[in-house]
Amino acid sequence: MDIANLVQIVLTVIGGLGIFLLGMKHMSEGMQAVAGPSLRKIIGAVTDNRLLAATAGIIVTCVVQSSSITTVMVIGFVNSGVMQLTQAVGVIMGANIGTTITGWILVLKVGKYGLPLLGFAAFVYLFSKGDRWRYWALAAMGVGMVFFGLELMKDACGHIKELPQFEAWFRNFQADDYLGVMSCALVGCLLTILVQSSSATLGITISLAFQGLISYPTAAALVLGENIGTTITAYLASLGATTNARRAAYFHVIFNLVGVFWITLIFPWYIELIQWLIDGSVDQAVMQNGEATYPTTTRAIAATHSIFNVVNTLLFLPFLPVFVRWLERMVPAKPYKEKPHLDDLDIRMLETPLLAIEQSRKEILKMGDGCRKMMQWLRTLLEQEEPDRRLADRLYRREQVLDSIQDEVAIFMTSLLSGSVPHAVAEEAREQLRMAHEYEAISDYLLNLLKLDQNLRKDGLRFTDTQRADLLTLHEMVANYFDRVDQANVSRDDTVLLAIDTHRKQIKTNIKQLRDRHLEELSNRTVPPRISIAFMTALNAYTRVRDHSQNIAEAISGAT
């Protein structure tokens, strides 16, 4: 055995695989940046309709070029409460179809143009000033690297024929009976778990089949195993997640296991069907550079992957509600109400920054909804002669929840901004950081107003009837002002600053009048110092709530 040749082959395969994987990453990042706004609309439009959910999964995966990224993203959405289980399983099934696009990209006979495409796109990427052109070039660079990496792996596999011992070892993998099919599927599964990419395993499989080192049936069995191996990423992402997130991950595993099981039972007939559909003989060799190659296998492998996932999805779709109910029984809910988390989603979502920013936006909107509820509860508590302790405790807990969300969003955004993200995403991330701080500050002042009232009551003191009426009127004005700003955040209305300007001035005038009247009362009659300080503190708190609401409006409008 020629050790030098063996080392050269191994190093070339590793190099080709590395370029292939890096190309997939660049292609994914470029496509995400170009199609980002559309992807966000697609994810936001996912409903309980199983066909629409599956279609969304197909489209998103075709763009991000990885079913693992899509399914991990779905686990993250479910874990944070943004997506329901029924929606998630539909998207996961669609993702299995979408990932087959990689095989069809590799079918294109442009392998020899991979390096020129990479070079040309690199020049556009380096010298283009516009972000959109840069990300198109990044995607094109990714495509070039994918084909160049695949060509390197194909060439390296061709040299294996010069090593009879290794060629003979590959010949041991034959899917000529059921045990052989299962053995090859197991190898494909383990290889995918090892490299954490079904696309990379697919590239290796195509390279081996192209050079004739493995037969088409063996390659098809390997591809089936890759479908199982790719589920490990989503399963790992679900560890420590909420019950629904774990259910979604388990569905991904079960969906692929059941699909591979039934297809292996009819494997010989399935292989014949694929060969009939592609209308070509996979055993027909084509001479290339004096060596026999089997280019038809690439098309056959892509068809094997696509048809299997399409049929498997069509078989599962009618029974989706049944599977959801079964998952709910198999993974029972915890005895207490689980709080959706954003914890650790920086790890799960960083591969899809344009979708990650949408998820964090959902958390920001939750903060706005929480502040609105605190406003309502505070008014009720201020009006009551005997305040409801349970309602007061709920307001305290909601303020703690908003503190927690702000911390998690800050960590999430910091992790996102530390990577390479489009300029628009970076700008929105900074705006979200600002809004998270403003919402949390509003919740602090609302809690302070409650504590102010509670401390007075504890000492047997209350505001006068006139002061209480004035403060409740001011509370209503500030609450309406906040609602208009928050609704503008929900609808992305960047004209909100102009719309609320009159309202802002009215609040400012009202607070000034109340402060002046109070100071006048101090000179005309004796007001207990505690009452006087509390009233001025309350006016200041409402002023700060208005100011922080104004800051949110400025962030929505893009003002500094």
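**A loop residue and the interior**

Mentor: Beyond its neighbours within four places in sequence, Thr230 is in contact (heavy atoms within 4.5 Å) with Ser67, Ser68, Thr192, Ser198 and His252. The model is predicted, so local features need pLDDT of at least 70 and side-chain atom pairs count only at pLDDT 80 or more, while totals for chains, interfaces and linings use all residues. Residues are numbered from 1 along each chain as its sequence is written, and side-chain values use heavy atoms, leaving out hydrogens and water.

Thr230 sits in the loop between helix 11 (216–229) and helix 12 (231–238); helices here are DSSP runs of H or I with at least four residues, numbered from the N terminus. With a relative accessible area of 6%, Thr230 is buried, a word that means under 20% with a 1.4 Å probe and protein chains only. Cys189 is 41 residues from Thr230 in sequence, yet their C-alpha atoms are 7.6 Å apart.

The largest nonpolar core has 63 residues, and Leu378, Leu395, Tyr439, Leu446, Leu474 and Tyr542 have the most contacts inside it. Such a core is a set of buried Ala, Val, Leu, Ile, Met, Phe, Trp, Tyr and Cys residues joined through side-chain atoms within 4.5 Å. Helix 18 (353–383), helix 19 (389–417), helix 20, helix 21, helix 22 (496–524) and helix 23 each give two or more residues to this core, and helix 20 gives the largest share, 13 residues. Apart from this core lies another, of 42 residues, including Leu17 and Leu202.

Leaving aside neighbours within four places in sequence, Tyr542 touches Leu378, Leu382, Leu449, Leu471, Leu474, His475, Val478 and Ile511. Tyr542 also lines the largest cavity, along with Leu382, Leu449, Leu452, Asp453, Arg462, Phe463, Arg468, Leu471, Leu472 and Ala538. A cavity is a set of points, on a 1 Å grid over the protein atoms alone, where a 1.4 Å probe fits but cannot get out, and lining residues have an atom within 4 Å of a point. Helix 20 (423–458), helix 21 (465–491) and helix 23 (529–557) each give two or more residues to that lining. The lining divides into eight nonpolar, no polar and three charged residues, where Ala, Val, Leu, Ile, Met, Phe, Trp, Tyr, Cys and Pro count as nonpolar, Asp, Glu, Lys and Arg as charged, and the others, Gly among them, as polar.

Terms used:
1 Å grid on protein atoms, 1.4 Å probe; cavity = no way out; pocket = protein on both sides within 12 Å on 5 of 7 lines; lining within 4 Å. Buried < 20%, exposed > 50% of the residue type's maximum accessible area, 1.4 Å probe, protein only.
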